[in-house]
Amino acid sequence: MFQLLPQAWRLTLPLEQQEWVGRALFRRTASGKLVLKDHRMWWFPPGARPIYTQPPATAHPFLQRPFFLWLPYKMWAYHLTCPACEGRLNGAGWYKTVRRVLDRNGWYFMATEVLECRSCHRKVAGWSQGILDQLDIAHREEFPAVLTYK
């Protein structure tokens, strides 16, 4: 059932998130390619049913959290440049790590796209500071987090 997630996301996204995120965000084409259903940022889990007549099979519906998808290149068709060489960046798939973000009222998960430079072939995450700095203020303020690294 989790086949609708990028392979690398299965390693970093908790099990209780995988089923609903896969079904909500992706579909497979006739050729078997994984494609995004909709270009929007916030996705919310279906959650638990209001009434149960039997005990649920798992606790997953009670543990699901919102999901934020950051796609500055795909969503807004920005002409982004490489932070290293100023070459043009193109979409190159999904960033392998799904981040867990602490918000004022709980956790949510966040993923982004990978951009690749046509000139130097360097790969850059869509949420990297070099990319965020290229966005106009209205789009930059759509990004909901301050990312830190260990």
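Guide: Buried means under 20% relative accessible area, exposed means over 50%, and partly exposed lies in between (1.4 Å probe, protein chains only). Helices (H or I, at least four residues) and strands (E, at least two) are DSSP runs, numbered from the N terminus. This is a predicted model, where local features need pLDDT of at least 70 and side-chain atom pairs count only at pLDDT 80 or more, while totals for chains, interfaces and linings use all residues. Residues are numbered from 1 along each chain as its sequence is written, and side-chain values use heavy atoms, with hydrogens and water left out.

Visitor: What makes both faces of strand 4 covered?

Guide: Take the residues side by side. Phe67 and Leu69 sit on one side, Phe68 and Trp70 on the other, and all are buried. In a regular strand the side chains alternate between the two faces of the sheet.

Visitor: Which strands pair with strand 4, and in what sense?

Guide: Strands pair if DSSP finds at least two bridges between them. Strand 3 (residues 42–43) and strand 4 are antiparallel, over 2 bridges. Strand 4 and strand 7 are parallel, over 4 bridges. Phe67 takes part on both sides: Trp43 has Phe67 as its bridge partner, and Phe67 stands opposite Phe109 in strand 7.

Visitor: What makes a group of residues a nonpolar core?

Guide: The members are buried Ala, Val, Leu, Ile, Met, Phe, Trp, Tyr and Cys residues, joined through side-chain atoms within 4.5 Å. The largest such core here has 21 residues, and Trp70, Met110 and Phe143 touch the most other members. Strand 4 (67–70), strand 7 (106–117), strand 8 (123–125) and helix 5 (129–132) each give two or more residues to this core. Strand 7 supplies the largest share, 4 residues.

Visitor: Which residues does Phe143 touch?

Guide: Contact means heavy atoms within 4.5 Å. Not counting residues up to four places away in sequence, Phe143 touches Phe68, Trp70, Met110, Trp127 and Leu132. A second, separate core has 15 residues, including Trp20, Val21, Trp43 and Leu71.

Visitor: Why is Gln17 called buried?

Guide: Its relative accessible area is 0%, so Gln17 falls in the buried class. Gln17 is placed in helix 2. Beyond its neighbours within four places in sequence, Gln17 is in contact with Leu63, Gln64, Arg65, Pro66 and Phe109.

Visitor: What makes Glu19 and Arg23 a salt bridge?

Guide: The term asks for a side-chain nitrogen of Lys or Arg within 4 Å of a carboxyl oxygen of Asp or Glu. In this pair the closest N and O atoms are 3.4 Å apart, so the pair qualifies. Side chains of opposite charge can pair when their charged atoms come close. The structure holds 1 salt bridge.

Visitor: Where do the two partners lie, and how accessible are Glu19 and Arg23?

Guide: Both lie in helix 2 (residues 15–25), 4 residues apart, about one turn of the helix. Glu19 is partly exposed at 30%, and Arg23 is partly exposed at 41%.

Visitor: What is the phi of Glu86, and what is that of His121?

Guide: Glu86 has a positive phi of about 70° although it is not a glycine. His121, also a residue other than glycine, has a positive phi near 65°. Glu86 lies in the loop between helix 4 (72–76) and strand 5 (89–94), and His121 in the loop between strand 7 and strand 8.
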